[in-house]
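Notebook open, structure on screen. I'll jot down what I look up as I go.

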Number of protein chains: 2
Amino acid sequence: MDIYHIDVLKEGYSYLSEDKQSLVANGTSTLVKSPGVNVLVDTLSAWDSHILIEGLKRNGLTCDKINYVVCTHGHSDHIGNLNLFQRATQIVGMSISSGDVYQIHPFEKGIPYQIANNLEVIPTPGHTLSDVSVMVKSTHLGTVVIAGDLFEREEDIKDPSLWKEIAGSENPKLQLQSREHILDIADYIIPGHGPMFKVTHELKETHSTIVKAELGAISKS
Amino acid sequence: MDIYHIDVLKEGYSYLSEDKQSLVANGTSTLVKSPGVNVLVDTLSAWDSHILIEGLKRNGLTCDKINYVVCTHGHSDHIGNLNLFQRATQIVGMSISSGDVYQIHPFEKGIPYQIANNLEVIPTPGHTLSDVSVMVKSTHLGTVVIAGDLFEREEDIKDPSLWKEIAGSENPKLQLQSREHILDIADYIIPGHGPMFKVTHELKETHSTIVKAELGAISKS
């Protein structure tokens, strides 16, 4: 069985500027490394190629050794450096391409795309309608889900305004469902704009309470 | 008054492969050039940096002379080379950034973002919920709208399956409204996957007939 090594090359962040006229933010970029396949999840903004190159070097890799690049969605802090990875199959949101050839895959029916054993790209719409996450089952932490902006950061489980209003959600009801699914299957979650966190029993309980309140608020709105 | 020169650096295309198992496609990339400001609209796929660099060279420009990059939406055939333009303000769908600073602009309320006189980024949701188009008013062709995948190509006015099913639409009703708006204001349209076309009276009539049929079909579905 493959054992995947996960290294967060850059931890994302987001906060309002002091004058509240702008948002200061960058995404998380994560490497999934194994003897059989290397996957880079999210490529940061256009100004960050050096972070990726140095992060890969730290892991004994170059851009050409990346077999798959997955961008969890098409926002600019996740897709800025795709051209570094021309030997990779590129999965951007729910589209899969290499050169000008696009594979047709039914993500919209909820069907995952299997990259390798215990390594899948799963549809998790909500933040945008075509968000995906990467599920890595066989790691020393158990199942790790690299979730992009489905989760802004751990704190947004207690405070849904962080993912609904600050980060923005194209479909909050779908996003709640996708969040629930990931909390069910993950031991650890790597969110789009904060450090990795452990999925505790307490966190799941808090989420369940929030879901009921949120669905009530959505159905009334 | 500024006169803008428009050059299509690469004309987009899209078609089903012979075995119908994949789609072969690339986007359109367009340069808007003037003495005051240079704008590149859409950056093709990750494998196409040479096309952009050579196209700019043909126009006496380098990547560093681009002041704004606009990606009409976050699909992989439009956002593959953002890191070539690190001196530009980058507008990807409805987000505007430079480094890790994101300007807050109310595109979602229908409000355009003015780059310069007679040169605006306007919200045109439908293909994705955060698609934008670039409207250039002062050109030798009149008003040209660079519309990304709001229009797949001219033929999709007669055959809506081209933009609704082949290209895909996150919200067909919104897309019909955005298409109507652009057909009202444009003399010429540069679509995402085909050559520039003139907006004739006949084309508008055809569109009006289609809108009635489509809205009927959507309200019944």
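Predicted model: local features only at pLDDT ≥ 70, side-chain atom pairs only at ≥ 80, totals over all residues.

Started with A:Phe85. Leaving aside residues up to four places away in sequence, I find that A:Phe85 touches A:Leu40, A:Thr43, A:Leu52, A:Leu56, A:Cys63, A:Ile66, A:Val69, A:Gln90 and, from the other chain, B:Trp47. Contact here means heavy atoms within 4.5 Å.

Residues are numbered from 1 along each chain as its sequence is written, chains are lettered from A in the order in which they are written, and side-chain values use heavy atoms, without hydrogens and water.

Next, the core. Which residues have the most contacts inside the largest nonpolar core? They are A:Phe85 and B:Phe85, in a core of 38 residues. Such a core is a set of buried Ala, Val, Leu, Ile, Met, Phe, Trp, Tyr and Cys residues joined through side-chain atoms within 4.5 Å; buried is under 20% relative accessible area and exposed over 50%, with a 1.4 Å probe and protein chains only.

Then I checked helix H1 of chain A. I see A:Ser49, A:Ile51, A:Leu52, A:Gly55 and A:Leu56 buried.

Last, the interface. I noted that 100% of chain B's interface residues are also interface residues in chain A, so the copies meet through the same surface.

Key: Helix = DSSP H or I, 4+ residues; strand = E, 2+ residues; numbered from the N terminus.
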